[in-house]
Amino acid sequence: MIFRMFLPITFASTIAASVVFGEGLGDAGKGTKIFSKCKSCHRIGNGAINRVGPHLNGIFGRKAGTIVGFAYSKSMVRAGVDGLVWTAETLDAYLENPKSLVSKTRMNFRGLKNPQARADLLAFLRGYSDEPINIPEAEPTATKTDLKIDPAILTIKGDPEYGEYLSGECKTCHQSGGEDDGIPAITKWPEEDFAIAMHAYKQKLRQHPVMQMMAGRLSDEEIAALAAYFKDHE
Amino acid sequence: MKMNRRSFIGTVTAATATLSAPMVMGSGKPRVVIVGGGAGGATAARYIAKDSKGGIEVTLIEPSRAYYTCFFSNLYIGGLRDINSISHSYGTLATNGVNVVHDWAIGVDRAAKTVSLAGGGTVPYDKLILSPGIDFVEGAVEGWDTSAQNAMPHAYKAGSQTELLKAQIMAMPQGGTFAMVAPPNPFRCPPGPYERVSMVAHLLKANNATAKIIVADPKPKFSKMSLFQEGWAEHYEGMIDWIGEDFGGGNVSVDPAAMTVTIDGEVTKVDACNVIPAMKAGHIAHLAGVTDGNWAPVNSADMSTKADPDVYVLGDSSQQGDMPKSGFSANSQAKVCANAVRGALTGSKVFPAKFSNTCWSLIEINDGVKVGATYQATPEKIAKVDGFISKAGETAEVRKATYEESVGWYTGITADMFG
Ligand SMILES: Cc1cc2nc3c(=O)[nH]c(=O)nc-3n(C[C@H](O)[C@H](O)[C@H](O)COP(=O)(O)OP(=O)(O)OC[C@H]3O[C@@H](n4cnc5c(N)ncnc54)[C@H](O)[C@@H]3O)c2cc1C
């Protein structure tokens with residue numbers, strides 16, 4: 001059976017680094033093959049148990065980090081507490097770059113950069129969720145879209161001097177030495193991951209209210225400046 | 001190449017000279033003097049010294065050798081922190097290029113651009129930053145003045161006052177009464193008195209469960225009121241009696257000798273009493289002549305005073321607009337000010353002002369709440385842009401995470417202030 005879905009356009013268009021989706025539909029059949037990348041750690045289907053990663057039955061609509069008996073990272077539990085729920089949007093972001101959505105996730109997986117592969121995989125995963133929520137179904141009139149995404153936001157060259165000034169606001173809470181003590185460390189992140197994470201707060205995809213507020217008023221240039229500064233910060 | 005090398009050596013020598021002899025004149029470098037080594041002053045000193053890389057001579061005047069943070073001092077009262085954990089020294093600032101002078105500033109001559117010290121002598125400045133915190137308005141609570149602060153502590157400047165208050169609460173007889181006289185607006189740390197009530201209740205619940213708490217408050221409402229009241233009902237049922245303006249909470253007098261509190265004509269004998277009087281800018285800001293009424297009006301873009309472009313006021317003493325008087329705010333303002341002062345003195349780039357604040361409060365162990373906002377500089381004032389507040393009825397795990405976050409913030413901000 002082939003399951004068809006639409007990509008989460010709003011999210012992808014502003015956050016994802018990818019450029020153009022020729023095909024907006026996910027194919028669960030193809031997703032089965034892609035799931036082989038996950039199999040070493042995750043089980044899915046009848047009687048699936050937790051392995052290195054938690055089982056993925058019923059993942060859609062589930063709060064992050066909530067399978068009882070699985071030892072999640074503090075970051076993942078925290079993300080769930082802050083309100084992260086697995087939907088097409090959030091799963092797409094997590095699978096594209098796990099650490100940009102959940103900073104210190106234990107999931108040792110580099111991410112699936114290909115948006116079509118993610119769409120196919122999501123279609124596959126969704127088949128194992130009883131109550132799939134939040135998945136935009138294909139409008140009958142919109143079976144195919146050529147979506148142009150402006151990658152410019154992520155290519156802005158940040159001014160590290162401006163970033164250093166702006167970072168003063170971050171350092172009231174985030175320790176500049178990079179210690180992680182109740183509040184996560186933010187130093188030495190790859191620039192793009194940093195920018196994506198900040199844009200995810202700005203779009204209210206990442207949940208934390210303080211961070212949504214702080215990121216909410218940063219311009220694209222300012223986010224780039226911070227990313228440029230923290231990348232090298234000792 | 002030669003030029004560079006020589007001037008580099010010159011800078012190092014000058015910096016060393018300044019460290020060992022704070023009042024040496026004529027090093028030729030611009031001089032910034034900062035009065036008060038708290039949330040605003042320590043941050044400003046650290047950032048100016050750090051970012052100017054020796055290009056500015058930075059002198060910090062602060063009488064105490066140890067700074068006890070008011071933030072988390074309520075947690076000390078509640079028994080969650082020991083007193084040493086809220087004490088910070090100026091050692092790291094001193095080794096990082098800040099001239100720390102342990103003395104009181106007793107006067108400012110704005111024409112001569114000097115600050116005079118209690119220990120004698122004057123310190124010249126090109127730019128002066130005052131961050132002296134608060135002092136109390138005389139006669140604000142009938143029957144109380146600072147000579148009564150041992151019988152009825154304010155504990156609103158942390159340290160021995162905080163320890164005294166805790167000792168008095170611990171010494172209350174079983175079933176005794178603790179009273180708080182809360183301050184009118186504006187005052188430092190709007191949720192501070194109510195976090196304190198929570199922590200006193202926490203302490204009493206464990207040691208003296210039949211004790212009572214009375215709060216006389218001149219205000220009809222207070223910061224995070226519904227969250228506190230929800231928490232008090234849940235954790236300390238029947239223990240706390242908050243008497244607001246509507247019930248005569250503002251009509252209050254105390255008798256420290258007799259240990260009585262009179263609220264709206266009704267006299268109550270109390271066993272411990274925390275009087276938090278109305279506040280005003282630290283005395284030195286008044287002496288400097290930069291105040292108007294109780295506070296020092298400042299320009300929102302750089303925290304310079306309306307009275308004198310070379311004198312800046314940070315933190316609690318300033319009258320800036322919408323920001324609450326908090327350690328977070330003072331730290332935020334200090335960084336904007338440091339950037340502007342450095343720019344004015346050395347021509348470094350000045351970036352637009354951005355301010356923010358978040359205040360966490362602890363209601364009971366692992367039951368933390370928070371309120372916060374971002375601010376921008378407008379021609380009239382520092383104006384609120386956007387904000388949030390914890391919600392009533394949040395789950396226990398959210399509240400616990402909020403508390404843990406506040407612990408992280410404490411470590412973060414104290415490192416940001418003192419290095
Ligand atoms: C119980 C309580 C709880 C609080 N909790 C929080 C909280 O959780 N979060 C938060 O953000 N804020 C909190 N605050 C508020 C916070 O402590 C203040 O807003 C903050 O310290 C203000 O910084 P400041 O630089 O203006 O003054 P201060 O930090 O008070 O520093 C002033 C310094 O100036 C020195 N000084 C004064 N006069 C002179 C002089 N003439 N010469 C030399 N030095 C002088 C003093 O010794 C002092 O060290 C709390 C306050 C209280 C009382």
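Here is a quick tour of a predicted model with chains A and B, taken topic by topic.

Chain A has twelve helices and two strands, and its domain assignment gives two domains. Chain B is also assigned two domains, and an open sheet of five strands is found in this chain.

Residues are numbered from 1 along each chain as its sequence is written, while chains are lettered from A and ligands numbered from 1 in the order in which they are written. Since this is a predicted model, local features need pLDDT of at least 70 and side-chain atom pairs count only at pLDDT 80 or more, though totals for chains, interfaces and linings use all residues; side-chain values use heavy atoms, with hydrogens and water left out.

**Chain A overall**

- Going along the sequence, the pattern of chain A reads α-β-α-α-α-α-α-α-β-α-α-α-α-α. Helices here are DSSP runs of H or I with at least four residues, strands are runs of E with at least two, and both are numbered from the N terminus.
- Of the 234 residues in chain A, 54% are buried. Buried means under 20% relative accessible area, exposed means over 50%, and partly exposed lies in between (1.4 Å probe, protein chains only).
- Take the contacts in chain A between residues at least 6 apart in sequence: 63% of them join residues at least 24 apart. A contact means heavy atoms within 4.5 Å.

**The two domains of chain A**

- Domain 1 of chain A covers 11-134 and domain 2 covers 151-232; such bounds come from an automatic or database domain assignment.
- Their centres, taken over C-alpha atoms, are separated by 24 Å. Domain 1 of chain A puts 18 residues into the contact, and domain 2 of chain A puts in 16 residues.
- About 1500 Å² is buried between these two domains of chain A, with carbon and sulfur atoms giving 59%. Buried area is the accessible area (1.4 Å probe) that two parts lose on being put together, summed over both.
- The count of salt bridges between domain 1 and domain 2 of chain A is zero. The rule asks for a side-chain nitrogen of Lys or Arg within 4 Å of a carboxyl oxygen of Asp or Glu.

**A closer look at A:S73**

- You'll find A:S73 in the loop between α3 (36-39) and α4 (74-81) of chain A.
- A:S73 has a relative accessible area of 9%, so it counts as buried.
- If you leave aside neighbours within four places in sequence, A:S73 is in contact with A:K104, A:T105 and A:R106.

**The two domains of chain B**

- Domain 1 of chain B comes in two stretches, 5-135 + 279-418, and domain 2 of chain B is 153-275.
- The centres of the two domains of chain B, over C-alpha atoms, are 29 Å apart. Here 37 residues of domain 1 of chain B are in contact with 33 residues of domain 2 of chain B.
- Together the two domains of chain B bury about 3000 Å² between them, with 62% of it on carbon and sulfur atoms. B:N74, B:I77 and B:I363 supply 23% of the area that domain 1 of chain B buries against domain 2 of chain B, more than any other three residues.
- Four salt bridges are found across the interface of these two domains of chain B.

**The sheet in chain B**

- The strands of the open sheet are ordered β5-β2-β1-β9-β20 (chain B), with parallel pairing. Two strands pair if DSSP finds at least two bridges between them.
- At the edges stand β5 (98-101) and β20 (311-313) of chain B; each has a single partner strand, so one side of each is left without a neighbour in the sheet.
- On average, neighbouring strands of this sheet are turned by 20° against each other, direction ignored.
- β2 (residues 57-61) of chain B and β5(B) pair over four bridges in the parallel sense, and B:V58 has B:V98 as its bridge partner in β5(B).

**A hairpin in chain B**

- Strands β15 (residues 260-263) and β16 (residues 266-269) of chain B run antiparallel, joined by four bridges. B:V261 stands opposite B:T268 in β16(B).
- The hairpin they form has two residues between the strands, and B:D264 in the turn has a positive phi of about 50°.

Notes. Axes are lines fitted to C-alpha atoms, for helices over the stretch in contact, and angles run from 0 to 180 degrees between N-to-C directions.
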